[in-house]
Amino acid sequence: MRTGPIARWVYNPRMDQQLIIKFWRKSLADEAFLATIEDELKAVLGKTVELEGYDVSAKEINLFMLTADPRHSFRRAKDVLEAKGIHNGMSAAFRLVGGAKFTSIWPLRSTRKFTLP
């Protein structure tokens with residue numbers, strides 16, 4: 001049996017994972033969501049992520065964020081994207097910050113290798 005004060009410690013996770021959500025431009029009705037999506041994601045994800053911005057090309061839009069738990073962050077972000085109706089035609093993966101190997105997390109049974117332009 002324990003006696004005495006219980007030491008409390010706070011876990012401060014390092015954001016060493018980069019989560020990338022890719023939107024295929026041909027599957028988007030429009031790109032108006034880009035104006036507000038960062039604020040909406042920040043409201044839901046809070047301090048669990050650091051939004052890094054976008055990379056836009058002719059075929060795709062990539063949203064980058066740093067997180068300690070990319071799978072959990074994606075699940076929460078996916079709820080926001082589904083509510084906006086932009087979850088079709090997207091994919092997501094994560095990697096160590098600065099790493100080259102991606103781990104695909106969406107779609108669940110993706111046969112396409114995740115790459116960046």
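Colleague: What is the hand of the crossing of H1 and H2?

Modeller: A crossing is left-handed if the near helix is turned anticlockwise from the far one by less than a right angle, and right-handed if clockwise. The crossing of H1 and H2 is right-handed. This is a predicted model: local features need pLDDT of at least 70, side-chain atom pairs count only at pLDDT 80 or more, and totals for chains, interfaces and linings use all residues. Residues are numbered from 1 along each chain as its sequence is written, and side-chain values use heavy atoms, with hydrogens and water left out.

Colleague: At what angle do helix H1 and helix H2 pack?

Modeller: Two packed helices are described by the angle between their axes and the distance between the axes. Axes are lines fitted to C-alpha atoms, for helices over the stretch in contact, and angles run from 0 to 180 degrees between N-to-C directions. H1 covers residues 34–45 and H2 covers residues 70–83. Their angle is about 130°, and their axes are 10 Å apart. That makes H1 oblique to H2. The cut-offs: under 35 degrees is roughly parallel, over 145 roughly antiparallel, 65 to 115 roughly perpendicular, and the rest oblique.

Colleague: Which residues in H1 meet which in H2?

Modeller: Contact means heavy atoms within 4.5 Å. From H1 come Ile37, Glu40, Leu41, Val44 and Leu45. From H2 come Ser73, Arg76, Ala77, Val80 and Leu81. They divide into 7 nonpolar, 1 polar and 2 charged. Ala, Val, Leu, Ile, Met, Phe, Trp, Tyr, Cys and Pro count as nonpolar, Asp, Glu, Lys and Arg as charged, and the others, Gly among them, as polar.

Colleague: How many helices and strands does the chain have?

Modeller: Helices (H or I, at least four residues) and strands (E, at least two) are DSSP runs, numbered from the N terminus. Here there are 2 helices and 5 strands. The elements run β-α-β-β-α-β-β from the N terminus on.

Colleague: What order do the strands of the sheet have?

Modeller: Two strands pair if DSSP finds at least two bridges between them. The open sheet has the order S2-S3-S1-S4-S5, with antiparallel pairing. S2 (49–56) and S5 stand at the edges with a single partner strand each, so one side of each is left without a neighbour in the sheet. On average, neighbouring strands are turned by 25° against each other, direction ignored.

Colleague: Over how many bridges do S2 and strand S3 pair?

Modeller: Over 7 bridges, with S3 spanning residues 60–67. Tyr54 stands opposite Leu63 in S3. H1 packs on the sheet and touches S2 and S3. H2 lies across S1, S2, S3, S4 and S5, at about 30° to S1.

Colleague: Where does Gly98 take a positive phi?

Modeller: Most residues other than glycine have a negative phi, and most peptide bonds are trans. Gly98 sits in the hairpin of S4 and S5, with phi near 85°. That hairpin has 6 residues between the strands. S4 (residues 90–96) and S5 (residues 103–106) pair over 3 bridges. Ala92 stands opposite Trp106 in S5. The peptide bond from Trp106 to Pro107 is cis, with omega near -5°. Pro107 lies in the segment after S5.

Colleague: Is Asp30 buried or partly exposed?

Modeller: Buried means under 20% relative accessible area, exposed over 50%, partly exposed in between (1.4 Å probe, protein chains only). Asp30 has 46% relative accessibility, so it counts as partly exposed. Asp30 lies in the loop between S1 (17–24) and H1. Asp30 and Ile86 are 56 residues apart in sequence, but 9.4 Å apart in space, C-alpha to C-alpha. Buried residues make up 34% of the 117 residues in the chain.
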